[in-house]
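Subject: Structure handover

Hello,

Here is the structure I promised to pass on. Please open it first, then read my notes below.

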Amino acid sequence: MGTGGQTDGAGADDAREAAPAGTSGVAPEPAVESESGAAPEVAAPAEPAAAPASLSPVPAASATSLAAALPQRSYFTYAFGLAAGALSAYLLVRGIARAGGVITTVLLAAFLAVSLNPIVTMLTRQTRVPMRRAGAVLIVALGVMALVAGFLAVIVPPVATEVTALVHAIPHVLQQIQDRSTYLGRLEAKYHVVSKVQSALSARGVGTTAVSGIVGAGKYVLSTLTSTLAVVALTIYFLAGLPNIVAVAYRTVPASRRDRVRALGDEILTQVGRYMLGSALNASIAGLATYVWTAAWGIQYPAALGLLVALMDMIPVIGSTIGGAIVTLVALTVSVPVAIATLLFYIGFRLTEDYVLLPKVMRHAVDVPPIVTVVAVLAGGSLLGIIGALVAIPTAAALKLITVEVLIPRLDRR
């Protein structure tokens with residue numbers, strides 16, 4: 001029996017090994033019919049056993065992983081995007097370069113409107129004569145036009161007088177050149193200046209050049225007049241609608257930052273207006289001092305020279321120096337000692353202006369270091385000429401305010 005049991009056990013083991021995968025080695029029990037004769041219930045097959053790890057198939061890569069592995073854009077798309085960006089930048093720069101005159105006109109008008117805005121605001125806030133902004137703008141515009149008309153009335157007559165005197169003096173000069181007893185006659189007999197000038201003029205075709213020069217001068221005068229009228233009209237429009245323009249500009253800023261941007265923008269506009277009023281006051285002092293000095297020493301056209309110095313003094317750093325040089329050259333028509341005295345006067349006035357007048361006038365307007373002022377004026381003059389030099393210091397003051405109030409605190413929080 002022991003031997004038979006061992007034999008049966010071995011046979012059972014062999015049967016289990018020979019059974020296919022996914023089935024057990026035990027034979028299924030025979031189906032037993034129920035007493036009612038119903039169909040026998042079939043037992044559910046056992047779940048297949050898990051396959052060994054070594055025999056498990058490699059999982060197929062999903063479509064999402066393949067799409068993520070592939071580049072989203074081809075190199076052609078990147079190259080096309082770069083080329084389109086470069087072309088757009090080139091066209092933008094070229095358009096700005098071609099529209100440089102228009103942009104300069106608009107910027108100058110906006111700057112003048114911001115500069116005159118404090119006067120308009122003061123007129124609208126006074127209570128003696130209630131006034132709307134349109135009426136205040138009209139009064140300021142009429143006042144500016146009156147100043148321009150007065151300047152032209154003072155400048156044009158002396159220029160016309162000098163040109164007329166030069167035209168009448170030409171025959172007398174030619175007569176002196178032909179007279180060998182005069183100084184000009186002896187110079188002509190020695191160097192033959194007139195014959196050389198005539199040959200040079202005939203060789204270069206002065207007739208055609210003169211005609212083209214006259215046409216060019218006419219175009220320049222017409223262009224200057226058109227630009228001046230455009231600046232005046234745009235200044236009036238900007239001045240009338242400045243509150244609405246500023247409000248629309250603030251609406252473009254996110255609401256979370258709008259209050260901060262509004263505070264900085266209002267401070268910048270206030271500083272620009274104060275600077276221009278202070279600069280106008282300082283220029284008026286310079287013009288009045290020039291008028292008094294030239295009238296006292298008998299230099300011709302004191303009112304015209306005073307207005308000229310006042311206008312030149314509006315240009316920071318170099319304006320008063322240029323105005324003083326012009327007055328000194330005019331003083332040479334009186335005498336050399338008067339010219340030397342005028343030069344010393346302007347040197348002393350420039351020192352007084354830099355160390356006494358400007359610090360007091362600009363104390364509450366802008367607070368820009370001297371080195372920043374010089375660099376800003378040089379940069380603005382090289383970019384936009386006189387207009388760039390005029391707006392350089394207010395621009396530097398605005399950049400300084402943004403740096404102190406925004407950039408430095410942001411860097412300190414990092």
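Is tryptophan 293 buried or exposed? Tryptophan 293 is buried, because its relative accessibility is 18% and the cut-off for buried is under 20%. Please keep in mind that this is a predicted model.

**Overall picture**

The protein chain has 414 residues, and 21% of them count as buried. Its secondary structure comes to 15 helices and 0 strands. Take the contacts between residues at least 6 apart in sequence: 62% of these join residues at least 24 apart.

**The aromatic cluster**

Back to tryptophan 293. Its ring pairs with that of phenylalanine 345, and the two are stacked. The centres are 4.5 Å apart, with 5° between the planes. This pair links distant parts of the chain. Tryptophan 293 sits in helix H10 (residues 255-296), and phenylalanine 345 sits in helix H13 (residues 336-361). They are 52 residues apart.

Phenylalanine 345 has a relative accessible area of 22%, so it is partly exposed. Phenylalanine 345 also pairs with phenylalanine 349. Here the centres are 6.3 Å apart and the planes meet at 25°. That pair counts as stacked because the planes are under 30 degrees apart. Phenylalanine 345 and phenylalanine 349 are 4 residues apart in helix H13, so about one helical turn separates them. Phenylalanine 349 is buried, at 13% relative accessibility.

The model has 4 aromatic pairs. Ring pairs join Trp293, Trp297, Phe345, Tyr346 and Phe349 into a cluster.

**The loops on either side**

Two loop residues deserve a look. Tyrosine 301 lies in the loop between H10 and H11. Tyrosine 301 is not a glycine, yet it has a positive phi of about 55°. Its relative accessibility is 28%, so tyrosine 301 counts as partly exposed.

Serine 335 lies in the loop between helix H12 (319-331) and H13. Serine 335 is partly exposed too, with a relative accessible area of 23%. In sequence, serine 335 and isoleucine 299 are 36 residues apart. In space, their C-alpha atoms are 9.6 Å apart.

**Leucine 307**

Leucine 307 is in helix H11 (residues 302-313). Its relative accessible area is 30%, which makes it partly exposed. What does leucine 307 contact, leaving aside its neighbours within four places in sequence? The contacts are Gly150, Phe151 and Val154. Isoleucine 155 is 152 residues away from leucine 307 along the chain, but their C-alpha atoms are separated by 8.3 Å.

**The largest pocket**

The largest pocket has a volume of about 2300 Å³. Its lining has 47 residues. Leu112, Val144, Val148, Leu311 and Leu390 lie nearest the centre.

Which elements each supply at least two residues of the lining? They are helix H4 (100-125), helix H5 (133-178), helix H8 (206-240), H10, H11 and helix H15 (386-412). H8 gives the most, with 11 residues. By type, the lining divides into 35 nonpolar residues, 12 polar and no charged.

**The nonpolar cores**

The largest nonpolar core holds 23 residues. Phe111, Ile268, Val272, Met276, Met314 and Val377 touch the most other members. H4, H10, helix H14 (370-384) and H15 each give two or more residues to this core. The largest share comes from H15, with 9 residues.

Not counting residues up to four places away in sequence, methionine 276 touches Phe111, Ser115 and Met314. Phe111 and Met314 are also among the core residues that touch the most other members.

**Where to look first**

Start with the stacked pair of tryptophan 293 and phenylalanine 345. Then turn to the largest pocket and the H8 residues in its lining.

Best wishes

Technical notes. Residues numbered from 1 in each chain as written. Predicted model: local features only at pLDDT ≥ 70, side-chain atom pairs only at ≥ 80, totals over all residues. Heavy atoms only, no water. Phe/Tyr/Trp six-rings, centres within 6.5 Å; stacked < 30°, edge-to-face > 60°. Buried < 20%, exposed > 50% of the residue type's maximum accessible area, 1.4 Å probe, protein only. Contact = heavy atoms within 4.5 Å. 1 Å grid on protein atoms, 1.4 Å probe; cavity = no way out; pocket = protein on both sides within 12 Å on 5 of 7 lines; lining within 4 Å. Points joined across faces, edges and corners; volume = space filled by probe spheres on them. Nonpolar A, V, L, I, M, F, W, Y, C, P; charged D, E, K, R; others polar. Core = buried A, V, L, I, M, F, W, Y, C linked by side-chain atoms within 4.5 Å.
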